[in-house]
Amino acid sequence: AKITYIEHDGTEHSVDAKNGSSVMEAAIRENVPGIDADCGGACACATCHVYVDASFMDKVGAPNDMEQSMLDFAEGVESNSRLSCQITVKDDLDGLIVRMPESQT
Ligand code: FES
């Protein structure tokens, strides 16, 4: 699935992400800046925070309880905030757009 990551300064990166990997892993593999992922995907750092584009909120869905409690520690959390290590890439998400927060630059 094609995923577009938009850095806080507006720079866009389009990546071909494999199904089954996370949105965080796909960014790391392509050296997309703005996703730090300090904990390596364990839902324990919140440095992979992204804002999901409104048009994809239904498909991406809401965070589970563990993710939500981690998001409570993140800065600038909005209703469309997700941790990108907890979003699994699938065909449905082709064209997904996520934006990175100011704290991850
Ligand atoms: Fe640490 Fe996602 S990589 S919470």
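Trainee: Where is T88 found?

Mentor: This is a predicted model, in which local features need pLDDT of at least 70, side-chain atom pairs count only at pLDDT 80 or more, and totals for chains, interfaces and linings use all residues. Residues are numbered from 1 along each chain as its sequence is written. Helices (H or I, at least four residues) and strands (E, at least two) are DSSP runs, numbered from the N terminus. On that basis, T88 lies in the loop between β4 (81-83) and β5 (96-99).

Trainee: Why does T88 count as partly exposed?

Mentor: A residue is buried if 20 or more other C-beta atoms lie within 10 Å of its own, exposed if 12 or fewer, and partly exposed in between, with C-beta atoms placed from the backbone. T88 is partly exposed because its C-beta neighbours inside 10 Å number 14.

Trainee: Which strands are at the edges of the sheet?

Mentor: Two strands pair if DSSP finds at least two bridges between them. The open sheet has five strands in the order β2-β1-β5-β3-β4, with mixed pairing. Pairing on one side only marks the edge strands, β2 (12-16) and β4.

Trainee: Which residues is V23 in contact with, leaving aside neighbours within four places in sequence?

Mentor: Contact requires C-beta atoms, placed from the backbone, within 7 Å. With those neighbours left aside, the contacts of V23 are I3, A17, S84, I87, V89 and V98.

Terms used
Two residues are in contact if their C-beta atoms, placed from the backbone, lie within 7 Å.
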